[in-house]
Amino acid sequence: MRIDVVTIFPDYLEPLRAALLGRAVDRGLLEVGVHDLRDWTHDVHRAVDDAPYGGGPGMVMKPQIWGAALDEVCPAGARLVVPTPAGRPFTQELAHAYAAEENLVFACGRYEGIDQRVIEDAARRMPVDEVSIGDYVLVGGEAAVLVIAEAVVRLLPGVLGNPVSAEQDSFSDGLLEGPSYTRPEVWRDLAVPDVLRSGNHALVERWRRDQALERTARRRPELLGALPEGSLDAADHAV
Ligand code: 6GU
C-alpha cells in the first residue's frame, strides 16, 4: 500500500514514519509520501486560503492550489480521503475497506475547510470520502490522518506480530473488548479474576463474552442494538 498526504504542515505527519507505521515502511509493506501544499503556490506569500463567499468567519482553502496538488499527487486508481468534522464516521469497517486499497491520498484541510469544488472535481475521476474521526472539532485534518493511517496499516498482512489479535479487537464482533490481566496474581490488593486461572477454556470464553457484553451495554448501548440478527447466543440473553 502507498499513502500520500497533502498538508501545509508536513512535519505534523512525521509520526507516519515512527513505531508501527515506520516499521511497516522499513519492511516494504507501506510507502509514505508527504507533500507540502505550498509547493503548488505561485505568489510570493505562498497563500493557500481566501475569504469565504457569502461572508462569515475564517478562511477557505483555494481550489486552484488543491486542484494542481491533487492532479500531481493522486496516482491512477487512488482513493482520496478528506478528513473533516462534517464527514461520515470513520469506522473499523471503513478501515478494512481502506486496507484493501493500493493507493490512499489524504487531503488535509485547515481553516474552515477546502473549497467544495475541489472534492466535487476529484470525484469526477476517483472515489472520494469525506470522513470524520469523531464528534469533536480539530484544527485540521493532520491528526485525523495519523489516526486513520494507523487503523488501516495495522490491518495490512504482516504488519501485526500476531494476526489473531486483529480478529479479536473491539468492534470486530460488534462489541467492546473486555478487561485483560497479566502477572502478578495479586497487585496492590487487587486479584486477577479466578476464572482466568481456572484452566477451563470454555468458562474463560464465556466470562470474556459476558464482560464484553456488560461493558458494551454500559459504555456504548447503541452498539448492542446494531448487532446483526442472530449474533447473540442463548446464554447472552442473561446479560
Ligand atoms: Cl477528520 N478533521 C477535523 N478537522 N476535525 C475533526 C475530524 C476531522 N474528525 C473529528 N473532528
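## Domains and confidence

The domain assignment divides the protein chain into domain 1, residues 2-153, and domain 2, residues 168-238. Taken over C-alpha atoms, the centres of domain 1 and domain 2 are separated by 37 Å.

The model is predicted. For the protein chain, the mean pLDDT is 94, and 97% of the residues reach 70 or more. For the complex, the predictor gives an ipTM of 0.90 together with a pTM of 0.93.

## The shell around the ligand

The ligand is surrounded by 14 residues, of which the closest are Pro 83, Pro 85, Ser 132, Leu 138 and Ala 144. The largest contribution is that of S5, with 4 residues.

By residue class, the shell around the ligand holds 8 nonpolar and 6 polar residues, and no charged ones.

## Annotated binding site

An unreviewed UniProt entry lists Gly 109, Ile 133, Gly 134, Asp 135, Tyr 136, Val 137 and Leu 138 under "binding site". Among these annotated positions, Leu 138 is also one of the residues closest to the ligand.

Is Ile 133 buried or exposed? Ile 133 counts as buried because 21 other C-beta atoms lie within 10 Å, where the cut-off is 20 or more. Val 137, by contrast, is exposed, because 9 other C-beta atoms lie within 10 Å and the limit for this class is 12 or fewer.

Which residues does Ile 133 contact, leaving aside its neighbours within four places in sequence? The contacts are Pro 83, Phe 90, Ala 144, Val 147 and Ile 148. Of these partners, Pro 83 and Ala 144 also belong to the residues closest to the ligand.

Arg 27 is located in the loop between helix H1 (19-26) and strand S2 (31-36). Arg 27 is classed as exposed because it has 10 other C-beta atoms within 10 Å.

In sequence, Arg 27 and Val 159 are 132 residues apart, whereas in space they are 8.8 Å apart, C-alpha to C-alpha.

Note on methods
Residues numbered from 1 in each chain as written. Predicted model: local features only at pLDDT ≥ 70, side-chain atom pairs only at ≥ 80, totals over all residues. UniProt positions renumbered as here; feature names shortened; annotations may be inferred. Contact = placed C-beta atoms within 7 Å. Near = placed C-beta within 6 Å. Helix = DSSP H or I, 4+ residues; strand = E, 2+ residues; numbered from the N terminus. Nonpolar A, V, L, I, M, F, W, Y, C, P; charged D, E, K, R; others polar. Domains from an automatic or database assignment. pLDDT = per-residue confidence, 0-100.
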